[in-house]
Amino acid sequence: MRLSKSMIAAAALVALTGTAFAAGEATVEARKQNMKGIGGDMKAIAAVLKGESSDTASLPTHTKSLAEAAAKSKALFQEKVLAGETAAKPEIWAEWDRFAAGLDAMSVETAKLAALNPADKAAFGAQVGVVGKICKNCHDTYKEKK
């Protein structure tokens with residue numbers, strides 16, 4: 001059986017599309033894991049501040065992890081990928097400058113948080129509030145509600 005050029009081209013297109021979709025799913029999964037890490041760190045920090053946890057020794061670890069994840073976030077969203085299961089709204093890329101500015105602010109403010117001594121409860125708590133507002137603003141605008 002002889003394959004025509006159009007059949008070969010169609011097969012190649014299907015293969016490339018499948019590869020692109022798989023790469024897109026990997027990008028989305030990396031975003032999700034990064035955001036889950038941020039959420040987990042914020043929950044652990046909030047639990048200590050609310051008195052629901054006495055694990056104050058873990059605060060420097062959580063703030064450092066939070067700052068590192070925040071620093072990665074912008075690069076993870078640079079490419080418009082909505083493959084697989086994602087809560088990311090298309091508005092992220094339609095309003096890229098605004099979205100990116102929010103991620104830049106998150107990176108700056110989480111670095112400030114990581115530099116604080118958690119024993120200074122007033123300053124530490126206030127900075128957690130700043131970070132929390134940045135997270136909320138972004139989620140309210142750019143994340144699909146479940």
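**Entry: one serine.** I started with S73 and left aside its neighbours within four places in sequence: S73 is in contact with N34, M35, I38, L103 and M106. Contact here means heavy atoms within 4.5 Å. I also found a polar contact of 2.9 Å between the side chains of S73 and N34. For a polar contact I need a pair of N or O atoms within 3.5 Å; within protein, one must be able to donate a hydrogen and the other to accept it, and residues adjacent in sequence count only if both atoms are side-chain atoms. S73 sits in helix α2, residues 59–77. Buried or exposed, I wondered about S73? S73 counts as buried because its relative accessibility is 0%. (Buried means under 20% relative accessible area, exposed over 50%, partly exposed in between, with a 1.4 Å probe and protein chains only.)

**Entry: ground rules.** I noted that this is a predicted model, where local features need pLDDT of at least 70, side-chain atom pairs count only at pLDDT 80 or more, and totals for chains, interfaces and linings use all residues. Residues are numbered from 1 along each chain as its sequence is written, and side-chain values use heavy atoms, with hydrogens and water left out.

**Entry: the whole fold.** I looked up five helices and zero strands, in the order α-α-α-α-α along the sequence. Helices (H or I, at least four residues) and strands (E, at least two) are DSSP runs, numbered from the N terminus. Of the 146 residues, 29% count as buried. Among contacts with a separation of 6 or more, 68% are between residues 24 or more positions apart.

**Entry: cysteines.** How many disulfides does the structure hold? I got zero; a disulfide would be a pair of cysteine sulfur atoms within 2.5 Å. The sulfur of C135 has its closest cysteine sulfur in C138, 8.0 Å away, so that is too far for a bond. C135 counts as buried at 17% relative accessibility, while C138 counts as partly exposed at 21%.

**Entry: the lining of the largest pocket.** I counted 32 lining residues, with M35, K36, A87, H139 and K143 nearest the centre. A pocket is an open set of points on a 1 Å grid over the protein atoms alone where a 1.4 Å probe fits, with protein on both sides within 12 Å along at least five of seven lines; lining residues have an atom within 4 Å of a point. The elements giving two or more residues to this lining are α1 (5–49), α4 (96–115) and α5 (121–142). α1 gives the most, with 10 residues.
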